[in-house]
Amino acid sequence: MISKEILVTNPNVKWSDIKGLSTAKKLLDEAIVLPTKYPDLFTGLCTPWTAMLFYGPPGTGKTLLAKAVATECKTTFFNITPSTLVAKWRGDSEKLIKVMFEMAEQMSPSTIFIDELDTIASKRIDHEASRRLTSEILIHMDGLLRSEKRIFLLATSNHPWELDPAIFRRLEKRIFVDLPDVQARKDMFVYYLSEMLQKHKYIKCDIDSDSLAQETNGYSGSDIRLVCKETAMQAMRSIFQVLEKKTGNNINFTITTKDVKNAISKTKPSTSETDNHKYKIWQSQYASC
C-alpha cells in the first residue's frame, strides 16, 4: 500500500511558481537541496533538519510547497494522507507506519510528506488506537535523528494546537505559512492574469496589480487564484456570446482592473481575521523558524 504513495509523476511546481513564503523555501533548501550538493558540510551539529511542520490557514501554499519539493529535489517522495495510514484492523496502522519509514530508509535520500498531520496525531483523540498510532510515529521520528540515512519528514496542519505535544516537540522547524503580503499578492495577480493568459487566443490583460494587491488584504493564495479564475470566466462568457451568435471573426477581450475588482466583490476571503489571529498566538508560543 505504501509503495502506491511514492510519487512517480512530476507535479511540475517550481520554486518560482510559489509567490512569497521566502522563509519556508529557504529552510526547505537547507534541509533537502543543499545537503545533496554539499554533503561534506552537513555533519556533526550542522546535520540537516530532519522534520518540519508547516501550519497556517487553508489555501496559503503549504501543500504547494510540498509539490515544489517533489519537483525540485532529487529524492524519493512519499505522498502520505491520513487515509493511507489509518487501517481497519487492530495493529495494521502501526505496521503501515513502520513499513513507510523502513521503505524511506531503503530508498534514501527520501522525503515523507504527511498532509493534515493533526488528524492522526491529535491530543484530542482519546482512543487506544490513536494513542498506539501516535506512539509508533514518535518512535520512528526519534529514529530519524539517529539515522545516518537522509530521510526528511515534512508535515502540514491547519490546526497545530490540536497536535500531540510530543509530536510537535520532535518537529525541529515549525513554520507559520501566513496569508500573502502585499508584494506576494501583486506577484500572484501578475502570474495568474498577465503571464498565464499571455498565450490565450482571445483574452488580453491590462491591470494595475498594485491596486489589486491593496484591495485583497486578508485573501489567501487560493482565494486570489479563485478571483483570477472568476475574472477569466467573466471574459469567457462575453466571448462565448459572440461565438454563439457568430457575429464576428475578430474577437478580442481585454481584462481591466475594473473587471478584476468586480470578481473580488463576488469572491470573499475564506479566512477570517479571528482565525488568523489564533494562528499568530500559537506562533508566538511554539514557532521555531
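This is a predicted model: local features need pLDDT of at least 70, side-chain atom pairs count only at pLDDT 80 or more; totals for chains, interfaces and linings use all residues.
**Nonpolar cores**

The largest nonpolar core comprises 34 residues. Within this core, the residues with the most contacts are Ile-112, Ile-114, Leu-117, Ile-167 and Leu-171. At least two core residues come from each of the strands S1 (51–55), S2 (76–80), S3 (110–114) and S4 (151–157), and likewise from each of the helices H4 (92–106), H5 (128–146), H6 (165–170) and H11 (273–286). Helix H4 makes the greatest contribution, with six residues. A further core of 23 residues lies apart from the largest one, and Val-13, Leu-65, Ala-70 and Phe-77 are among its members.

Ile-167 illustrates the surroundings of one of the residues with the most contacts inside the largest core. When neighbours within four places in sequence are left aside, Ile-167 is in contact with Leu-117, Ala-121, Thr-134, Ile-137, Leu-138 and Met-141.

Thr-111 is located in strand S3. Its relative accessible area is 0%, so Thr-111 is buried. The side chain of Thr-111 is joined to that of Thr-75 by a polar contact of 3.0 Å. Beyond neighbours within four places in sequence, the contacts of Thr-111 are Ile-32, Val-69, Thr-75, Thr-76, Phe-77, Phe-78 and Phe-152. Of these, Phe-77 is also listed among the residues of the 23-residue core.

Ser-209 is part of helix H8, residues 209–215. Because the threshold for buried is under 20%, Ser-209 falls in that class with a relative accessibility of 11%. Lys-186, Phe-189 and Val-190 are in contact with Ser-209, again leaving aside neighbours within four places in sequence.

The relative accessibilities of four residues are collected below.

| Residue | Relative accessibility | Class |
|---|---|---|
| Thr-111 | 0% | buried |
| Ser-209 | 11% | buried |
| Glu-116 | 25% | partly exposed |

**Packing of H9 and H10**

Two packed helices are described by the angle between their axes and the distance between the axes. For helix H9 (residues 221–245) and helix H10 (residues 257–266), the angle is about 120° and the axes are 8 Å apart. The crossing of H9 past H10 is right-handed. On the H9 side, the contact is formed by Val-227, Glu-230, Thr-231 and Gln-234. H10 contributes Asp-259, Val-260, Asn-262, Ala-263, Ile-264 and Lys-266.

**Backbone features**

Most residues other than glycine have a negative phi, and most peptide bonds are trans. The peptide bond between Ser-108 and Pro-109 is cis, with omega about 0°. Pro-109 is situated in the loop between H4 and S3.

Leu-21, which is not a glycine, has a positive phi of about 55°. Leu-21 occurs in the segment before H1. Glu-116, also a residue other than glycine, has a positive phi near 55°. Glu-116 lies in the loop between S3 and H5, and its relative accessibility of 25% makes Glu-116 partly exposed.

Key
Residues are numbered from 1 along each chain as its sequence is written. Side-chain values use heavy atoms; hydrogens and water are left out. A nonpolar core is a set of buried Ala, Val, Leu, Ile, Met, Phe, Trp, Tyr and Cys residues joined through side-chain atoms within 4.5 Å. Buried means under 20% relative accessible area, exposed over 50%, partly exposed in between (1.4 Å probe, protein chains only). Helices (H or I, at least four residues) and strands (E, at least two) are DSSP runs, numbered from the N terminus. Contact means heavy atoms within 4.5 Å. A polar contact is a pair of N or O atoms within 3.5 Å; within protein, one must be able to donate a hydrogen and the other to accept it, and residues adjacent in sequence count only if both atoms are side-chain atoms. Axes are lines fitted to C-alpha atoms, for helices over the stretch in contact, and angles run from 0 to 180 degrees between N-to-C directions. A crossing is left-handed if the near helix is turned anticlockwise from the far one by less than a right angle, and right-handed if clockwise.
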